[in-house]
Amino acid sequence: MNIYIHTFGCKLNKYESEKISYELTNLGLNITDIKNADAVAINTCTVTKDSDKKLILFLNSIADINSKTIFLIGCYVSKEDAKSNAEIQKENIILINNDEKENATNIIYNKLIKSHDSNLAKTTALFFPQEQSRAFLKIQDGCSVFCSYCIVSRVRGKNKNVPPNEIYQAVQKAKENDYKEIVFTGLNLGSYNYENTNFSYLVESVMELCAKLGVRLRLSSIEPIYFDKHLISLFDEKNKKVLAPHAHIPLQSGSDKILKLMNRRYDRKHFKNIIEELYKQNEYLSITTDVMVGFPDEDENDFNDSYTLCEFSKMLKMHIFRYSKREGTPAFNMENQVAIRQKTKRADILNKLNNRLSEEKYKSFLGRKLDVVIEKELDNSMYEGTAGEYLKVEFQNSVKLHKKMLVSVKIDEYKNKILTGSVI
Ligand code: SF4
């Protein structure tokens, strides 16, 4: 039985698709291209109206769609209107919503092999993609913050947290598979809470394990509301070998008025305070962020607040988004929508700032030593990797090295957002 797996959307979706693909392969199914597939599994996204359009276009582009079994998985299927959507309500289309996603492998397998022996498809709670140079562990799903522009929290379902013991085992397993860096991911990672273990205590206990195993942990995005004193203290420079000195903290807006309209539950002062305290722990910490421009009612002053806060935070990288209306969210009906022209202008201004800040940050590492996980071998014995500080680094080495290895590189040059140096 051949199946083709297609993924739309975010990193979390990609991770989940790889997990499904790995589990189905273990059950004896072949992952193939679309032409040779008997079935197609599509991990969907509904973050913008465009995402919905892309999915329908993709469905319509499948040549022999009626002769294949199609599995539609995730966010698009979990929307209120999915049940009445004629485009996807067809006999050969099986819908698997977000609440059933953890069990997607079983559902697909049982449908295709026409067996209902549920013992066959035992899914793993944690999984790391085999081809990557880092081990990605999804330890959390769901979000109950409900930002007023976000459809994802409305379709991703309830909070789910992996028990700490399973996480420790997965870290151990990652080490046995030669990984030197483990990345915790989740939809709203900072909200992790399992019985008496909250996020920062989980991180601290995993850091202790990492120290014993000689690996480092990296945290993906953490919302500002989850940065307490304890979490901030873990970023102390002395911990940089076990906790990557990099924090991704979505700002979205630097204006108190807009943050309130967004229902983000923190203000400018709180964000500024996090940044100041983090830099006190480690002045070389890298901070990255997501910023949105053109949210309803954003005027020049509000935009300027975002600009100055990003500048103050000395961001290494800013992901800049233009607000787009999303049906089913409170912001959809808000007054004073911002004109596209205005959004584009503000995004351009922030892009320029992003380039300047990024360059300044990169250059501040000249002459320093960075711990780099190797990701690729380039030509002429050159290697490429990422430092704990989330900086791209290239270096030459006459002795053969391989992906996943951790090496120390002394930096002596900067060019176009890449640092170069030599292994020490
Ligand atoms: S924190 Fe806000 S933007 Fe992020 S998933 Fe939750 S509701 Fe959406």
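How many residues of the shell around the ligand are nonpolar, how many polar and how many charged? Keep that in mind while you get set up. This is a predicted model, where local features need pLDDT of at least 70, side-chain atom pairs count only at pLDDT 80 or more, and totals for chains, interfaces and linings use all residues. Residues are numbered from 1 along each chain as its sequence is written.

**Stop 1: the ligand**

Select the ligand, then Cys-143, Val-145, Phe-146, Cys-147, Cys-150, Val-152, Ser-153, Leu-187, Asn-188 and Glu-223, the residues around it. A residue is near a molecule if its C-beta atom, placed from the backbone, lies within 6 Å of it. Now for the opening question: the shell divides into 7 nonpolar, 2 polar and 1 charged. Here Ala, Val, Leu, Ile, Met, Phe, Trp, Tyr, Cys and Pro count as nonpolar, Asp, Glu, Lys and Arg as charged, and the others, Gly among them, as polar.

**Stop 2: an open sheet**

Next, pick out the 4 strands of an open sheet, in the order β7-β6-β8-β11, with mixed pairing. Strands (E, at least two residues) and helices (H or I, at least four) are DSSP runs, numbered from the N terminus. Two strands pair if DSSP finds at least two bridges between them. The edges are β7 (160-161) and β11 (216-219), each pairing on one side only. Zoom in on β6 (residues 135-141): it pairs with β7 in the antiparallel sense over 2 bridges. To see a bridge, select Asp-141 and its partner in β7, Lys-160. Then show α5, which packs on the sheet, touching β6 and β8 (181-186), and whose direction makes about 170° with that of β6.

**Stop 3**

Axes are lines fitted to C-alpha atoms, for helices over the stretch in contact, and angles run from 0 to 180 degrees between N-to-C directions. Angles under 35 degrees count as roughly parallel, over 145 as roughly antiparallel, 65 to 115 as roughly perpendicular and the rest as oblique.

Where do the two helices touch? Pro-164, Ile-167, Tyr-168, Val-171 and Lys-175 in α5 meet Leu-202, Ser-205, Val-206, Leu-209, Cys-210 and Leu-213 in α6. Contact means that C-beta atoms, placed from the backbone, lie within 7 Å. By class, the contact of α5 with α6 has 9 nonpolar residues, 1 polar and 1 charged.

**Stop 4: α10 and α11**

Jump to α10 (residues 300-312) and α11 (residues 340-363), which pack at about 10° with their axes 11 Å apart. They are therefore roughly parallel to each other. Select Phe-303, Tyr-307, Cys-310 and Glu-311 of α10, then Arg-346, Ile-349, Leu-350, Leu-353 and Leu-357 of α11, to see what makes the contact. This contact has 7 nonpolar, no polar and 2 charged residues.

**Stop 5: the barrel**

Now colour the closed barrel of 5 strands, β15-β16-β17-β19-β18, with mixed pairing. Neighbouring strands here are turned by 50° against each other on average, direction ignored. Look at β18 (residues 406-415) and β19 (residues 418-423), which run antiparallel and are joined by 6 bridges. Val-409 has Val-423 in β19 as its bridge partner.

**Stop 6: α1 and α3**

Finish with α1 (residues 11-26) and α3 (residues 104-113), packed at about 45° with axes 9 Å apart. That makes α1 oblique to α3. Select Ile-20, Glu-23 and Leu-24 in α1, which meet Ala-104, Thr-105, Ile-108 and Tyr-109 in α3.
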